[in-house]
Amino acid sequence: MDFFASGLNALRGQKGQHQTGSETIDRLCERIEHGSLLEDRRAAVLALRACSREHKRDIGSRGVLVLCKVLLQDSMDTDICKAVLEILTLLCQADMDREESREFALEMSDTILKDANNVAVLLDLLEENDFYVRFHVVSLLSMLVLNNTPRLQECILTSPMGMSRLMALLDDRREIIRNEGLLLLISLTESNADLQKIVAFENAFERLLAIIDEEGAISGGIIVQDCLQLVQNLLRYNISNQNYFRETSCIQRIPALFNEEGADDDGRHDPTMKDMWSDQKGNNMIMVLELIRVLVVPDHSNTTSNQRSMYQSGILQLLVDLSLTSNAPQRVKASAFYALAELIRLNKVNQDALSKAIIVPAHPPYLPSEDPSSSLTPPIPSSAQLSRTSFQSGRSSTVGDRNSQSHRFLEQRARCPAIVEVVAIAVGQHPGCTYSVRAAATCLFQSFVLESPDTQMVLATTLNAPPEDNPNTASSEKPQSPGTLLLDALQGWQEDGETASTDPYNSWFATVLFSHILQNNARAKAIALAITFGDEENGEDPVSLIHAIAAALMVAVKGRADVRVALGYLALLCVWCYESPKSIKDFLSEGAHLQFLIEMISPSSKEDPMVQGLAAFLLGICYEFNWEKDALITRATIQPIILSRIGLDHFAACITRVRESKPFNAAIPFMVVLPAEESEGKLPNLFFDYSFVEFMKRTFERTQKSIALSPDNTRSQQTSQQTNNAEIESQLTSLKSKVSMQNTEMTELRSKLAEAQQLLDRQAEERQEYERALAGLRKEMQEGQARHEALEKEHEDLLICLAEQDEELTVLKEQFLSLGMAHGAAP
């Protein structure tokens, strides 16, 4: 009754008169600040909590510092702590729909964080085992990190045991506290490298992986996703943490996440549940794949070491199986393709491993009209050598007996090289694949051939169709290879105009893949140039591949097809003809091709500006590298046509417009198709491949200037100038590379120097402490020695005194004896 009475009296004025809200808040704050009895302060705090929602602004303006003070003063009282923490959390919580509320919450957070001791008190309260105290502390810290992350991070860094106490939340057996603590750690480690290092060396990886295992790995709930997010935060762009993660064998624990098997409703082991994909399981797997990508970021100092560790751990084969042989959702497969692309990028061993992989592909995703009722047969992965034969041994599931499509969910697909299935997905052989998966497969192919001329050559040789009587194929199937799949996609567009009008990306992705086979590889270009179509025995004129592509381009432009089709063909021809006089000779041997380019570029043309720009770029390349002596159309023929019918200014303007266009500048290294771009039947905003964009940026100025040069310039003169420019560019690139490497090394050395300096500082402090301790011990030893000497002297004095007393006693004894004898002698 005293408790309720004191709370009621706090809300009443003198003689029971009613007070306003502000007066009540002032009175309660005064009692909290100046109350001498713990019971009075507790009653005032509880009363303040009762009216905190109605008088939030009054409490914030008058009582926030008072509450922080009483929290420090009465931290041992559980009731006061809980009430104060609830009030402070309420003050820092903003209504995101109201600007005024957000500003007030930020002001309250800044007031609390102004004094680092307030955060230290909150961290100390985490030592309390009471559920509500720990929960409200974590809730308040979550509000503070949301409102002012940098300041809270600074305050935590100043607390010696701050991060240790926060990490201890992960060991709390009460899931709600552990989960809230996990979210708090995610927010704290997003942007602070120092906190990331401290958390990592608090055994964070072991703790988080243990939680993931306990929750069921990727089959677990959202907690697994949060744990993986925290691991990513600790590793992203943090060299020391990545080294620690690799050296503690944590990379070797990643494969276990792929092989998790589930249990049925009765808790019994059920291997078939591995093939069941819930939304959360898909999210968890995507987080695992993002973790892999964090460890193999391109051009990072740790990437090569991490790629090697992942290959040795079997992660590469797991990614191949997940992306090509599993029934995982499309978004998961897209993420797997991206992870695999970065895992093999610029790594010869990993690229060769992918080229040798032989798989049993999963059945393509069914279209809405297809019947998905039948189950899938689990794939059996294996490997084989990279060769033209192995490339051509694959079979496309969409080619052959069309009447057997109704049974494709019942029959296991034929084994084929993994790269064949990658190309088939990219060029649209499986209509059920989303654009995001096809874009990801294209990125994987680009990484597969990147700076690998031997692989480009092997792929170029597959452009020749294999024999119809191939002994490795069944009679009902047509043998396929990466090259033949590309040719089908490149030529199939004009054979099926209806399909092309609805999906221009069949040819677009094919042109991107083909251009990467040819890029910077003269021998691959020569092989492609030698490919012809047409049966001469039946009286058909042979048509070269470059003429077939030019014909497809003309059909696309004249047929008003989607602009992406023409852009793809033009980009491919630009890459093919660049620094390839023989290719230009063959291309211009058909006079209609030059006429067609002139018509597209002319000022009166109504073509899309991007198409005009690429056509101008291609024409400039044809003029710049047209050095074949027996060419049908020479430089002397091309330049007057350009000057008279186009003009240098308009020619330059066409190239400039495409360079300044939004789609051109929106290209990114790893092409990504957002879910919103695929919804409602929309086409993605993919117009240019990033490698082509970089190629054009490097060469457009030289190509544009070459138009003004005299066609009579000998090739040796121009080549000499170009060679000098190329040498300068090469030297500049080399110097930039060296500077970049040196900057990276300097950054690493500075980091190591800073760590060494910190170690030296700690050792210096320890040495000073040891020296002070040694000086103290020496002083104590000297004092002890002095005391010892004094005691020895005192001991000697006592011995002397004892000897004197012995002598005196002897004398007294003798006197006593003499007196006794004298007394006995007297009668």
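Student: Why is Cys81 called buried?

Tutor: This is a predicted model, and in it Cys81 has a relative accessibility of 1%. Buried means under 20%, so Cys81 counts as buried.

Student: What makes Cys227 buried or exposed?

Tutor: Its relative accessibility is the thing to check: Cys227 comes out at 0%. That is under 20%, so Cys227 counts as buried.

Student: And how many disulfides are there?

Tutor: The count is 0. A pair of cysteine sulfur atoms has to lie within 2.5 Å to be counted. In general, a disulfide is a covalent bond between the sulfur atoms of two cysteines.

Student: Let me step back. How much of the protein is buried?

Tutor: Of its 827 residues, 47% count as buried. The fold has 40 helices and 9 strands. Among contacts with a separation of 6 or more, 74% are between residues 24 or more positions apart.

Student: Which residues touch the most other members of the largest nonpolar core?

Tutor: That core has 225 residues, and the ones with the most contacts to other members are Leu166, Phe258, Leu289, Phe514, Leu619, Phe688 and Phe692. Helix H31, residues 563–577, gives the most to this core, with 13 residues. As a general point, nonpolar side chains tend to be buried together in soluble globular proteins.

Student: What does Leu166 touch, leaving aside neighbours within four places in sequence?

Tutor: Leu166 is in contact with Leu123, Leu126, Leu141, Ile156, Leu184, Leu185 and Leu188, once those neighbours are left aside.

Student: Back to H31. Why are H30 and H31 called roughly antiparallel?

Tutor: Take the angle. The axes of H30 (residues 545–558) and H31 cross at roughly 150° and come within 9 Å. An angle over 145 degrees counts as roughly antiparallel, so H30 is roughly antiparallel to H31. The crossing is left-handed. On the H30 side the residues involved include Leu545, Ile549 and Leu553, and on the H31 side they include Tyr569, Leu573 and Trp576.

Student: What makes H12 and H15 roughly parallel?

Tutor: Helix H12 (residues 193–200) and helix H15 (residues 239–247) pack at about 20°, with axes 9 Å apart. Angles under 35 degrees count as roughly parallel, and therefore H12 and H15 get that label. H12 passes H15 in a left-handed crossing. Gln196, Lys197 and Ala200 in H12 meet Ser240, Asn241 and Tyr244 in H15.

Student: What about Ser249: why is it called partly exposed?

Tutor: Ser249 sits in the loop between H15 and helix H16 (255–258). Its relative accessible area is 39%. For context, most residues other than glycine have a negative phi.

Student: Why does Asp299 count as exposed?

Tutor: Asp299 has 71% relative accessibility. The cut-off for exposed is over 50%, so Asp299 counts as exposed. Asp299 lies in the loop between helix H17 (279–295) and H18. Asp299 is not a glycine either, yet its phi is positive, about 65°.

Student: H18 holds Thr303. What makes Thr303 buried or exposed?

Tutor: Thr303 has 8% relative accessibility. That is under 20%, so Thr303 is buried. H18 runs over residues 303–312. Not counting residues up to four places away in sequence, Thr303 touches Leu295, Val296 and Val297.

Student: Last one. Why is Phe617 called buried?

Tutor: Phe617, in helix H34 (residues 609–624), has 0% relative accessibility. With the limit at under 20%, Phe617 counts as buried. Leaving aside neighbours within four places, its contacts include Cys574, Ile655, Phe692 and Phe700. Phe617 and Phe700 are 83 residues apart in sequence and 7.1 Å apart in space, C-alpha to C-alpha.

Terms used: Residues numbered from 1 in each chain as written. Predicted model: local features only at pLDDT ≥ 70, side-chain atom pairs only at ≥ 80, totals over all residues. Heavy atoms only, no water. Helix = DSSP H or I, 4+ residues; strand = E, 2+ residues; numbered from the N terminus. Buried < 20%, exposed > 50% of the residue type's maximum accessible area, 1.4 Å probe, protein only. Contact = heavy atoms within 4.5 Å. Core = buried A, V, L, I, M, F, W, Y, C linked by side-chain atoms within 4.5 Å. Axes fitted to C-alpha atoms, helices over the stretch in contact; angles between N-to-C directions. Parallel < 35°, antiparallel > 145°, perpendicular 65-115°, else oblique. Left-handed = near helix turned anticlockwise from the far one by under 90°.
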